[in-house]
Amino acid sequence: MIDKTVDFRSDRIGSALRGENPTVMRRLDAGFAVIGDVQFLPGYSILLTDEPGVDRLSDLPRPRRMAYLADLDRLGEAVERACRAADPAFRRVNLEILGNKDAFLHAHVWPRFDWEPEHLVQMPVWLYPPDHWRDEQYALAPRHDAIRTAITAELDALR
């Protein structure tokens, strides 16, 4: 469970740079691989930029942009490998750079599974009901340590 007394959410990138963001799994070349605050799809991860003030991919100079995208590829493959090993119903990984709510560069890595409701499995994750984003039963917790450890190990293996 995330320690609610630590307000890393108000400055996710700064807290990661200071070593105070508890969701960080690994520092990569151009960002931070973090486990998602919600885990209704176990293994959900995010790639945060390591440059405060960068709002969109195009804000980065081309070499940093390519490094960020390479990190996203690495995190996506790590999530895929870890989720495939953990759950035979693993289906695929969806990668998204949106930035509509949080105005800093970040990319979502969503594992998808055959056990998802039929009306949602082929739709964007954002169509899941609001309770999936807020209900404590879906919050990051110690029960997610195994998938977090597996993703981190895969990130290391892909180095």
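**Figure 1. Order of secondary-structure elements in the predicted model.** From the N terminus on, the elements of the chain follow the order α-β-β-β-α-β-β-α-α-α. The model shown is predicted. In total, the chain comprises five helices and five strands. The radius of gyration is 15 Å, close to the 15 Å that the globule rule gives for 159 residues, so the chain is as compact as a globular protein of that length. The C-alpha trace spans about 40 × 35 × 30 Å along its principal axes.

**Figure 2. Burial, contacts and surface of the chain.** Of the 159 residues in the chain, 47% are buried. Where contacts join residues at least 6 apart in sequence, 56% of them link residues at least 24 apart. Among the side chains, 21 are positive and 26 are negative. The centres of these two charge sets lie 3 Å apart.

**Figure 3. The stacked pair of Tyr44 and Trp110.** The structure contains 10 aromatic pairs. In one of them, the ring centres of Tyr44 and Trp110 are 3.6 Å apart and the ring planes meet at 10°; because this angle is under 30 degrees, the pair is stacked. Tyr44 is located in the loop between strand S2 (31-35) and strand S3 (45-49), whereas Trp110 belongs to strand S5 (residues 106-113). The pair therefore ties together parts that are 66 residues apart in sequence. Tyr44 counts as buried at 4% relative accessibility. Trp110, at 0% relative accessibility, likewise counts as buried.

**Figure 4. The edge-to-face pair of Phe90 and Phe113.** The rings of Phe90 and Phe113 have centres 6.0 Å apart and planes at 80°, so the pair is edge-to-face. Phe90 lies in strand S4 (residues 90-96) and Phe113 in strand S5; the pair therefore ties together parts that are 23 residues apart in sequence. Phe90 has a relative accessible area of 10% and is buried. Phe113 counts as buried at 1% relative accessibility.

**Figure 5. The aromatic cluster that includes Tyr44 and Trp110****.** One aromatic cluster is formed by Phe40, Tyr44, Trp110, Trp126, Tyr128, Trp133 and Tyr138. Two of these members, Tyr44 and Trp110, are the partners of the stacked pair. Within the cluster, Tyr44 contributes from the loop between strands S2 and S3, and Trp110 from strand S5.

Methods: Residues are numbered from 1 along each chain as its sequence is written. This is a predicted model: local features need pLDDT of at least 70, side-chain atom pairs count only at pLDDT 80 or more; totals for chains, interfaces and linings use all residues. Side-chain values use heavy atoms; hydrogens and water are left out. Helices (H or I, at least four residues) and strands (E, at least two) are DSSP runs, numbered from the N terminus. The radius of gyration is taken over C-alpha atoms; the globule rule is 2.2 Å times the number of residues to the power 0.38. Buried means under 20% relative accessible area, exposed over 50%, partly exposed in between (1.4 Å probe, protein chains only). Contact means heavy atoms within 4.5 Å. Lys and Arg count as positive and Asp and Glu as negative; His and the chain ends are not counted. The place of a charge is taken as NZ of Lys, CZ of Arg, CG of Asp or CD of Glu. Rings of Phe, Tyr and Trp (its six-membered ring) pair if their centres lie within 6.5 Å; planes under 30 degrees apart count as stacked, over 60 as edge-to-face and the rest as tilted.
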